[in-house]
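Please read the points below with the model open alongside. They are meant as a colleague's notes.

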Amino acid sequence: MRTVFAKYFFVFFLTCFAFVKTSAQDETAGFKINMELTADEKGIVAVNLKTKYNALYWDRFRQKEGRNKSIIKNNYIKSFVKYQLSDFDIINNDMEQTSYVKFNILGLLKLDEGGKWIAELDTKDPDITKISETQFVMVDEDLAQSYKINLPASAKNSKIEKDHFGKAILTYTATVIRSDSATILKYTGFLIAAAGIFLFFKYRFSKN
Amino acid sequence: MAFIKPLMGLFTPAVLEIRISNPPVIMSSIYKVYANEAAFEGKYSLFKMLIKNSSDVSAKNIEISYNVSNYIDWVIIEKIPLILPGQTVVVNCYPKFPDNIIEKTTDSKESVKLTVKGSNVKTIENSFSITVKGRNDFMYNFLPADEIRTAEDYYDNVPLLSCLVTPNDPVIKYLTQQIQEKVLKGETAGVSKNEAECIRFLKAVYTATLLSHVVYSGTTGVPSSIDDFNSIVQTIRLPREVVTGKTGLCIELSILYASIMASAGMDPVIYFVPGHAYPGFKLNNEYYAIESTAIGGEGIGGSKTADQAFDMAMNNKASFIQKMEEGDERYLFLDIREAVNKGAVAAELKDDNFLRHKIDEMAASFNGQTVQPITANIQPNNSPNTGKAVVTETGPAAVSGNAVKIPEGYKTFNDVVIFGYPADWKAIPANQYVMQQCKYIIANSANSATIEVYNFPGYNNPKQALTAINEWQKTFGFKLTYKQLGQENGYTVFKGSTGSAGNIAVNWIAAFKVSGSSVSGIIAGANAFTGSKHEQTLMNILNTLQ
């Protein structure tokens, strides 16, 4: 999800610093980001983002985009232009100098014919650590950012792979709830097996 | 009974709901951007389709295809093996328009038809109509007018102007060669990355347009405000059309300059201010500019020289940077190579003998006109006051008195004070910000570092000089902040900055001394955005002061 990270950073860069001329060190010292991405079994990715600012940066944030939630929302939509964003919930808490943003990304995860979920990372060397089959994390202390990716509880074989173009992709398999021919085949298989057994015994009995 | 539902799925088709969003128009000049999924992170598509499986049955082997009347035959965009119940997928369409779309000069209304098929879904057919604009119509954004909130929204498509920068156009390449041969008599700007050489090239492009009688025609310009909906679509001709048509808007001239500079291997940029645009280039993180519209025309008050056009733009650039740093989003800056790297690639243009012939006719007027290398000595007559400064050849040179050594590559200035300065710096004219007691201004070619030479008759204390300069600057809203560093070689040395509203514009070092019945000295400074780049040079200058 490096793409996601980069885009968040981009958005926040726009959001926070368009008005300010400061050094890179100052920029990162002004806020801290915690982000959690949670994928469900239908491939919807829920984003939960908390950004805590120091007083100076909070004032700047409120002065620009922070005064109008629709600007924040539009910035996210622009940053994820290939996907569909929905269910926005944005809360700016002046007392805590913290901004809370929630939304869903549709279309980020794709399902291939083998039942494998795939997310393009748009980078060659993502700096992501696998914690468990269902959890990946990335902590960037220099930029005061931490990210957590939660996969569905049924996720297995989760890993970072490379696609045909050498780009990194996050893949995993998960239990797919589907009312379709795969299930039907299973039942059909049972029926055929039952029929076969029936015919087998019928044949044997008739022979006897 | 658990298998009844899946069994029903054998006979019940999946139900897909689709939702399509599309831009208001297709700009034919950016057809290569549409074709590239990676360009601007996929921002420019023909349409985006949301497909949601709203049934309890998985949809299988979904295939999405589309066509565009008169341009693109049926094409499959994507095959999706499976869409789970409740799952939503997003499909973006990046159309490959034929190259000849760039020949389109008028608008047309086209229909886009699309189908969604699948093994167990009922085929969905949909369509919408869209205007395909002619190659010269540029739309500054694709947002609905009532959703535009900021200047950034309004100018959302500005990076796409790079698609009109055509360094590989055979006609523009030919023009570039003619300028290199007949105006510059050879040049190395693109390969040497030498500041003086690049400025010479920029001035040569200006001179070439001037000599070939290209004139400025200021019809509809760059939009001036975000409620300027009349100019949200602007007619911008390709550089080859501007050259051969011999008239150009500010943005057209800027794009022409950018094309020629890119063709010569330089890094062109375009500056946007409300209602206007002007070109320049980037070199070693320094930015340079020229006022391309200063070619004017006889009907609009004549023309400026290349030097004047360069000085005008460099002065304007300083306020441009200040506005940009203040966060005024109407002050934009387009780095052509950066935009090309993001996918704003120019159209394929064919060679044209007729246009080459037109270039030949223009080039005939270039003969005998050259842009000299910038090595000329300081010319006091061009300076603010007609003084009698004595300038020696490039150093090292010993001068009278304490015989301070002038470093290699420096020239000596000898008037009310004596000092050495880099040989490629030159005198520039005064502007309204300079007070009468400033006798000369010497600047580097980018005007980002300057030496101001002052003489205050009747003063008897160096501090009086700075107080007077401060009072003068206050009338323009600027203020001097400084401290005295001490005494050196008879001079009182100060270090300080000039700024406005808390923003530092220039950092400087000053040295003044009492000389007879007056105070004289220099202020050597550099624009704040250059950081410490000129610090050593300014110290060198100060060390030669006597």
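The notes that follow begin with conventions and then go from one chain to the other.

1. This is a predicted model, in which local features need pLDDT of at least 70 and side-chain atom pairs count only at pLDDT 80 or more, while totals for chains, interfaces and linings use all residues. Residues are numbered from 1 along each chain as its sequence is written, and chains are lettered from A and ligands numbered from 1 in the order in which they are written.

2. Chain A holds 5 helices and 11 strands, these being DSSP runs numbered from the N terminus (helices H or I, at least four residues; strands E, at least two). Of its 208 residues, 29% are buried, where buried stands for 20 or more other C-beta atoms within 10 Å of the residue's own, exposed for 12 or fewer, and partly exposed for the range in between, with C-beta atoms placed from the backbone. Among contacts in chain A with a separation of 6 or more, 56% join residues 24 or more positions apart; a contact requires C-beta atoms, placed from the backbone, within 7 Å.

3. A:T134 lies in the loop between β7 (129-132) and β8 (135-140) of chain A, and with 19 other C-beta atoms within 10 Å it is partly exposed. Leaving out residues up to four places away in sequence, A:T134 touches A:N150, A:L151, A:A153, A:A155 and A:S158, and its C-alpha atom is 6.4 Å from that of A:P152, 18 residues apart along the chain.

4. In chain B, helix α4 (residues 170-183) packs with helix α8 (residues 250-263) at an angle of about 75°, their axes being 9 Å apart; axes are lines fitted to C-alpha atoms, for helices over the stretch in contact, and angles run from 0 to 180 degrees between N-to-C directions. The two helices are therefore roughly perpendicular, a label given to angles of 65 to 115 degrees, with under 35 roughly parallel, over 145 roughly antiparallel and the rest oblique. The residues making this contact include B:I172 and B:I179 of α4(B) and B:I260 of α8(B).

How values were computed
Two residues are in contact if their C-beta atoms, placed from the backbone, lie within 7 Å.
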